[in-house]
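Open the model in your viewer and switch to a cartoon view.

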Amino acid sequence: MCYNDYALFCYRHFSAANGREVNCVKIVIVGDGKVGQALTARLAEEGHDIVIIDNSPKPLKNSVELYDVMGVQGNGASIAVQREAGVEEADLLIAATSGDELNILCCLVARKLGVAHTIARVRNPEYSEQLSLMREELGLSMTVNPELAAAVEIARMLRFPSALKLDSFAKGRIELVEIKILEDSPLLGQPLHSLSSRLGVRILVCAVRRGEEVYIPTGDFVLREGDKISITASPAELDNLFRKLNIFRHKVHDVMIVGGGRIAYYLSRQLLAMGMEVKIIEQDPARCEVLSDLLPKANVILGDGTERELLEEENIADMDALVALTGIDEENVIISMYAGALRVNKIVTKINRMSFQEILDAAGIDSVISPKGITVNQIVRYVRAMENSQGSNVETLHRIVGGRVEALEFRVRNNPEITGIPLKDMDTKPNLLIACIIRGRKLIFPGGNDTMEEGDSVIVVTTNQQLQDLSDILNRP
């Protein structure tokens, strides 16, 4: 059953955001749940031809009307349903239903119908290791695990507890962190061009959020109390910066996790391997037994993590970190606010609906994680690479500043429009910053006389959220 009747075809279109002609990718998304809807919204926004397959008519109809895409009701693993959705002419199929086995089967069927690229969401820990061995045999281009990706990001936050948010580029050689300017900060009232010399650190402030406004700042930008700033630096320089700013927090040793789902399992496994003490509070007795068997070194507590008495009994005030991972956003917010009132050193909050961002800001909840947001970023990066197989592909993609800014890592190809030209002589788009150039072992936080050369990795920070190629930074007529 189709929910609209426009033709299914792949076309070429002119992207006003990029100022150049790009290939539109025809994408079939199986599963219209939280991840599927987020993917539809983001990929439709980027101008792709989207078809959604789902068994449930009501959410499917809503997505079709909201995002102006095509919808097909039915079983996404059925050859007949996939043919009705035009899978044989598609460039990519993304299987994002709630069932791992169904997602894999959808991708196998799509491969048989001739789809070159398939992505499956696979969440079960039992499959994670064997999939890396079986990906080629199954014909999967990529697998995504939202819970594992979220756990990796939370673990990174706990390694750098002074940062509100932490992303990495160039295989961990460059970090992008967000910190808040407090009333006693030595950065207050200082222009950005003077920070490195005054503090004796090699950093670059590449984005500033001030209330509702977002800035890609110039060197004359002056910081104010309450600003949230995104900084690029090496891990060693970040360590040095935090000490100079007197915001260096003690390393996290004792962690309380409220909610015992998949993220809690993946996260606990990582934290225990890092030598941390982990306490998990979970209210489902059967899940507690599973976690106790899988994580014998963790302390698993049966109880409701939203109950103040239980949290006090389990010494929440003495914890170095609190991670709220229940399946309900409101509960995670309340738990985090209570931990904040007790001055727990580091608090990380899982949120599914990022529309809560203003509430979180008002409540002082700064370190927020969104599994579906991480998954969408991974898939968007892959799609942009598909569009631009001959150019400077996006190698890493992070959305920062509440999703309003993109930070992208490109590998520089031989392009006379880009290479060998001093940055001061390059006409680039507004609200765009070259944050770092990685040349071999050398990290360059560039000035006007620096150039990009073939083989470099370049980090670009911009509010222009559809860059597909490094040449897209140019301000074309």
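This tour of a predicted model visits a sheet, the helices packed on it, and then one further helix.

**The sheet.** Begin with the open sheet, which has five strands in the order β9-β10-β13-β11-β12, with antiparallel pairing. Select 165–169 for β9 and 213–215 for β12; these are the edge strands, and each pairs on one side only. From one strand to the next, the twist averages 15 degrees.

Now select residues 204–210, which make up strand β11; its antiparallel pairing with β12 runs over three bridges. Which residue of β12 is the bridge partner of Arg-210? Show side chains there and you will find Glu-213.

**Helices on the sheet.** Next, select 146–159. This is helix α6, which packs on the sheet and touches β9 and β10 (174–180). The direction of α6 makes about 105 degrees with that of β9. Then select 235–244 for helix α8, which also packs on the sheet, in contact with β9, β10 and β13 (228–233). Compare the direction of α8 with that of β10: the angle is about 20 degrees.

**Helix α12.** Finally, move to residues 329–341. Helix α12 has 13 residues and spans 19 Å from its first C-alpha to its last, close to the 18 Å expected at 1.5 Å a residue. Which residues of α12 are buried? Color Asp-329, Asn-332, Val-333, Ile-335, Ser-336, Tyr-338 and Ala-339 to see them. In an α-helix there are 3.6 residues a turn, so residues three or four places apart point the same way. After α12 comes Arg-343, with a positive phi near 60 degrees.

Key
Residues numbered from 1 in each chain as written. Predicted model: local features only at pLDDT ≥ 70, side-chain atom pairs only at ≥ 80, totals over all residues. Heavy atoms only, no water. Helix = DSSP H or I, 4+ residues; strand = E, 2+ residues; numbered from the N terminus. Expected span 1.5 Å × (residues − 1). Buried < 20%, exposed > 50% of the residue type's maximum accessible area, 1.4 Å probe, protein only. Pairing = 2+ DSSP bridges. Axes fitted to C-alpha atoms, helices over the stretch in contact; angles between N-to-C directions. Contact = heavy atoms within 4.5 Å.
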